[in-house]
Amino acid sequence: MRNILLIDDHAVVRKGLRSILEEEFNDIQVDETGTGHEGIKLLRKSLPDAVVLDISLPDMNGLEVLKRIRMDWPSLPVLILSIYGEDQYGVRMMRCGASGYLAKSSAPEHLVIALKKVINGQKYISSKLAERLAYNLNKSTDSLSVEGLSDREYQVFRLLAAGKTVTEIGTELHLSVKTVSTHRTHILQKMDMHTNADMVSYAQIKGLTD
């Protein structure tokens, strides 16, 4: 019996994923939740064979959930399934210990292939993500690259580039306005930028916008 934990905040998406998995695997038990905190609680009760994790959650960012999982269960396979393409979060999630990364726009059979791979202890890397990983290995990190930002700074950067205010970002990430402002200052310094408009422009050029 295979045990899979789905962590995604959309009930319709979870239902669709469950249907795909139950149709492909005869011996599977699928547990699900819509929040990161509840997902961690379920993991403490019973460890599954793999976790399918979304990035956008109402209480915690998927990146934070992944880090928590890696701290407590370092060998547990975690497949990231997200609306964000590989260019936006793929490399960063793999660096943080994800077993694979798949965009929700992918065909259902790719989910099955990816899940089988990670359950068997392998990595699932799409051709697009492989190109992105190779690109990052072959280039040096410069001041104008988001790769030089910390994970929290990258989260703040994406939200600023999406036009959100520091107050809105603080509410979404459960941070004080002062902390968000400090992150903004560090981002501008690291990337040699001066305004939020510079971030918006960079994000659009690099394909980091939603």
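The structure holds 11 salt bridges, a salt bridge being a side-chain nitrogen of Lys or Arg within 4 Å of a carboxyl oxygen of Asp or Glu. The model is predicted, with local features needing pLDDT of at least 70 and side-chain atom pairs counting only at pLDDT 80 or more, whereas totals for chains, interfaces and linings use all residues. Residues are numbered from 1 along each chain as its sequence is written, and side-chain values use heavy atoms, with hydrogens and water left out.

One of the salt bridges joins the side chains of R18 and E32, at 3.0 Å from N to O. R18 belongs to helix α1 and E32 to strand β2, so this contact ties together parts that are 14 residues apart in sequence. Helices (H or I, at least four residues) and strands (E, at least two) are DSSP runs numbered from the N terminus. R18 counts as partly exposed at 24% relative accessibility, and E32 counts as partly exposed at 30%. On this scale, buried means under 20% relative accessible area, exposed means over 50%, and partly exposed lies in between (1.4 Å probe, protein chains only).

Another salt bridge brings together the side chains of E153 and K190, at 2.8 Å from N to O. Since E153 lies in helix α7 and K190 in helix α9 (residues 177-190), the pair ties together parts that are 37 residues apart in sequence. E153 counts as buried at 5% relative accessibility, while K190 counts as partly exposed at 36%. K164 also forms a salt bridge, with E172, and the closest N and O atoms are 2.6 Å apart. Of this pair, K164 is partly exposed at 31% relative accessibility, and E172 is partly exposed at 37%. Salt bridges that share partners join R14, R18, E22 and E32 into one network.

Strand β1 (residues 2-7) runs parallel to strand β2 (residues 28-33), and 6 bridges join them; two strands pair if DSSP finds at least two bridges between them. Within this pairing, I7 has T33 in β2 as its bridge partner. Together with helix α1 (residues 11-24), β1 and β2 make a right-handed β-α-β unit. A crossover is right-handed if, with the strands pointing away from the viewer, the path from the first strand over the helix to the second runs clockwise. Strand β1 is also joined by 4 bridges to strand β3 (residues 50-53), again running parallel, and the partner of I4 in β3 is A50.

The aromatic residues form a further theme. The structure holds 4 aromatic pairs. Rings of Phe, Tyr and Trp (its six-membered ring) pair if their centres lie within 6.5 Å, and planes under 30 degrees apart count as stacked, over 60 as edge-to-face and the rest as tilted. The ring centres of Y84 and Y89 are 5.3 Å apart and the planes stand at 45°, so the pair is tilted. Both Y84 and Y89 are buried. Y89 also pairs with Y154, with centres 5.3 Å apart and planes at 80°, so this pair is edge-to-face. The Y89–Y154 pair links distant parts of the chain, with Y89 in helix α4 (residues 86-95) and Y154 in helix α7 (residues 151-161), 65 residues apart. Ring pairs link Y84, Y89, Y154, F157 and Y202 into a cluster.

The charged end of R92 sits over the ring of Y154, 4.2 Å from its centre, and R158 lies over the face of Y84, at 4.6 Å from the ring centre. A charge sits over a ring if NZ of Lys or CZ of Arg is within 6 Å of the ring centre and within 35 degrees of the ring normal.
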